[in-house]
Amino acid sequence: MNRNAKFIAGGGVIAAALAYMIYAGVTQSAVYFITPSELRAAPVSGKAYRLGGIVVPGSVQWNPASLELAFTLSDGRGSVPVRHRGTPPDLFGEGRGAVVEGNWSREGHFTASLIMAKHSEDYKAPRGTSGAGYQDLIRTLEKDGSSR
Amino acid sequence: MISDIGHGALAVGTVLAVYGSIASGVGARTGRPALIESAQYAALAVFTLVTGCLLLLSYAFLTFDFSVRYVAQQTNLSTPFYYRITAVWGALEGSILLWTWMVTLYTLLVVLRHRAQRDLYPWVLSVMLGIAAFFLLVMTIPAPPFERLTPVPLDGRGLNPLLEDTGMITHPVALYLGFTGFSVPFAFALAALITGRVGDAWITITRRWTIIAWYFLSLGLLIGGWWSYHVLGWGGYWAWDPVENAACMPWLTGTAFLHSAMIQERRRMLKLWNISLVILTFSLTIFGTFLTRSGIIASVHAFTQGSIGVFFLAFLAIVLLTAFGLLAWRWDRLRAEGELDSALSRESAFLLNNVFLVAAAFTVFFGTVFPLLSEAMRGVKVSVGAPFFNQVNVPLFLSLIFLMGVGPLIAWRRASVENLKRNFLGPVLVGVAAAAALHVVGVRSALALLSLGLTVFTTATIVLDFSRAARARMRAGSRFLPAIATLLLHHNRRYGGFAIHLGILIVAVGVTGSQAWSVQTEATLRHGEAVHLAGYQVRFDGLSAEEDSTHATVIGTFTVSNGHGTPTVMRPSKKFYPQESSPIAGVDYRMGLREDLYLVLGDFARDGSQATVKAHVNRLVSWIWIGGLVLTLGAILAIVPDPQRA
């Protein structure tokens with residue numbers, strides 16, 4: 001085998017290994033971004049989701065002793081009950097947007113392992129409960145990533 | 001008033017930068033030094049104007065001039081003096097202004113330092129003024145820092161409280177000095193392509209510039225991590241956030257370039273690769289800004305909302321097309337003069353290092369834009385989080401640590417068995433022994449053992465090389481300390497590099513330790529109750545409240561004891577700012593070499609009877625910051641003028 005062929009073979013092996021690692025990484029850690037109504041339409045239990053919506057006013061139940069947090073996320077067209085173990089983050093509140101990461105459990109609620117609500121220099125609370133406000137809000141939350 | 005002056009100065013600056021860019025190019029092409037000289041004056045004038053704008057904006061901040069929209073957005077009457085200065089670059093418009101100022105500063109420094117250099121220099125000046133012109137254009141159209149606000153409000157909105165931190169003075173400044181610093185090697189690379197002098201001159205000239213840019217970028221990343229760790233209150237320092245990734249990508253390719261440039265200097269190989277890497281690194285700094293500032297990460301559809309994204313994308317397209325167009329045009333001259341002799345050689349170790357660094361950069365790129373790709377192609381938004389980045393990058397980074405040990409010691413061209421044995425047998429044994437010792441002590445994580453074993457191996461190669469050289473000096477009659485001093489000064493490049501490697505290795509230990517052994521817990525405590533974590537007892541002793549000019553604070557008092565020594569009191573808090581709808585966490589932590597205890601106050605009862613606390617014991621995190629200091633010393637050593645060659 002001449003030098004060039006060796007070179008190409010070596011590069012090929014590395015590229016293939018990288019491609020495989022990326023492929024495996026993506027399939028194992030892909031998280032689907034959806035809204036409550038989309039989740040309602042086709043819930044798949046066990047699949048990793050990022051669910052974004054507004055925390056329905058009056059739905060938040062926080063038990064400090066057991067660190068159990070329950071609330072409902074809505075996108076105006078559908079709503080999903082969410083459960084989480086841990087203190088609600090600072091930006092979390094009724095009537096505000098939140099993005100939660102976790103999965104749909106067979107018992108009929110969303111189990112969130114992470115609640116994301118991060119500060120941004122242009123964060124604005126949405127006005128009204130339907131339409132573009134939601135999209136903008138979710139976008140802001142998505143863009144600003146997460147606090148954990 | 002300020003608005004008008006600022007707008008005017010930026011408009012004049014734009015025109016002058018465009019003029020200078022064209023004049024310098026035309027002057028070089030037609031051989032008219034007068035034109036090049038006029039471009040130099042243009043560069044000086046642009047720098048002066050942008051400096052003036054920066055001072056003017058700072059003045060507007062200091063005097064609460066709310067007729068400037070940006071000032072009204074970023075500050076209010078209660079913002080303290082100190083943070084009114086940092087608020088200047090607290091958001092988009094001001095950070096573009098700071099960025100532009102740095103580009104013009106670098107341009108001026110290039111003029112001062114290299115104007116005697118006749119063939120590349122005029123084109124370098126032309127390219128750098130072209131870059132400055134773009135940023136000035138951004139400030140005249142999509143992101144004007146001096147935009148007027150009418151009617152003038154009585155008070156401003158106020159600074160994002162998260163930015164009220166000392167890290168915010170240094171982090172953006174360091175990061176941008178790094179980003180913009182890469183415009184110098186980029187400009188030299190383009191000049192080399194334009195003039196056809198694609199030999200080693202541009203690499204040799206830009207070596208120091210590249211190290212400076214690389215160093216500031218590293219510092220910016222580290223300070224960013226520090227800020228995230230002690231302000232954001234989630235217990236970590238790096239989250240593979242798009243913003244972090246944007247800064248990480250040029251760092252990876254820039255690091256690759258630093259190394260491959262040495263191969264070109266020494267062996268006249270990799271010419272094409274080096275120019276490509278510089279183009280890539282510079283483009284990634286622009287791409288990073290595009291990514292974080294256009295809103296495109298949120299959604300492909302958000303992209304059209306502001307015009308700034310279009311500007312950056314257009315500029316990026318121009319940069320890439322021009323640069324790779326020139327590269328194709330000069331293809332013939334970019335053939336390597338040397339070639340790879342053996343897989344066991346310093347060249348191939350460096351080459352492999354480059355391949356892994358670029359692969360890591362590609363991984364970060366892919367993971368960051370993945371949501372966009374999936375949304376654009378399949379209509380569903382799928383993102384990949386930290387697990388993806390860790391899974392793919394950890395093997396790459398571990399390989400890089402290994403190569404960091406191999407590269408500097410292995411022989412050029414072809415390493416003999418003798419050479420390998422002489423340089424690596426000892427370090428390999430030390431590394432294996434260290435891993436075995438850690439296993440005996442109780443470390444069970446295979447990844448941690450591998451990572452620490454490799455780190456020890458690479459550290460051993462550095463120690464071996466240094467002690468060998470010091471002993472040679474001492475045999476020549478020098479005493480211990482003078483031997484070390486002359487070694488460091490006369491081979492500052494080599495040992496500066498080693499010190500930087502040592503800094504990176506210390507950071508690696510910190511990252512490994514914090515990933516492998518950090519623990520956390522969360523509990524709601526009534527007055528007098530305690531939670532236990534990793535040998536610590538954290539007892540809740542009540543809440544108190546304080547108020548100052550900008551915010552009110554609720555403070556939890558916790559008494560912490562770890563079985564020995566006197567108990568200490570820690571006070572994590574929650575800060576409430578009138579302009580913000582939510583509180584901000586005030587983390588309290590005790591740092592140590594072994595571990596940090598890190599407390600975050602969560603929810604609390606208004607009567608002070610109970611509070612929820614999150615406690616983290618983060619292992620070896622301090623090593624990351626110490627590594628940053630070592631890296632700084634190494635970078636300084638590497639850029640001081642060489643007494644022998646200067």
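Predicted model: local features only at pLDDT ≥ 70, side-chain atom pairs only at ≥ 80, totals over all residues.

Residues are numbered from 1 along each chain as its sequence is written, and chains are lettered from A and ligands numbered from 1 in the order in which they are written.

Chain B has 19 helices and 11 strands, these being DSSP runs numbered from the N terminus (helices H or I, at least four residues; strands E, at least two). Its C-alpha atoms fill a box of roughly 80 × 75 × 60 Å along the principal axes. The radius of gyration of chain B is 27 Å, which agrees with the value near 26 Å that a compact globule of 646 residues would have; the radius is taken over C-alpha atoms, and the globule rule is 2.2 Å times the number of residues to the power 0.38. Of the 646 residues of chain B, 52% count as buried, a residue being buried if 20 or more other C-beta atoms, placed from the backbone, lie within 10 Å of its own, exposed if 12 or fewer, and partly exposed in between.

An automatic or database domain assignment divides chain B into domain 1 (1–164), domain 2 (166–332 + 346–384), domain 3 (393–517 + 627–639) and domain 4 (519–623). The C-alpha centres of domain 1 and domain 4 of chain B lie 43 Å apart.

In chain A, A:Arg106 sits in the loop between strand 6 (97–105) and strand 7 (109–116), and A:Arg106 counts as exposed because it has 8 C-beta neighbours inside 10 Å.
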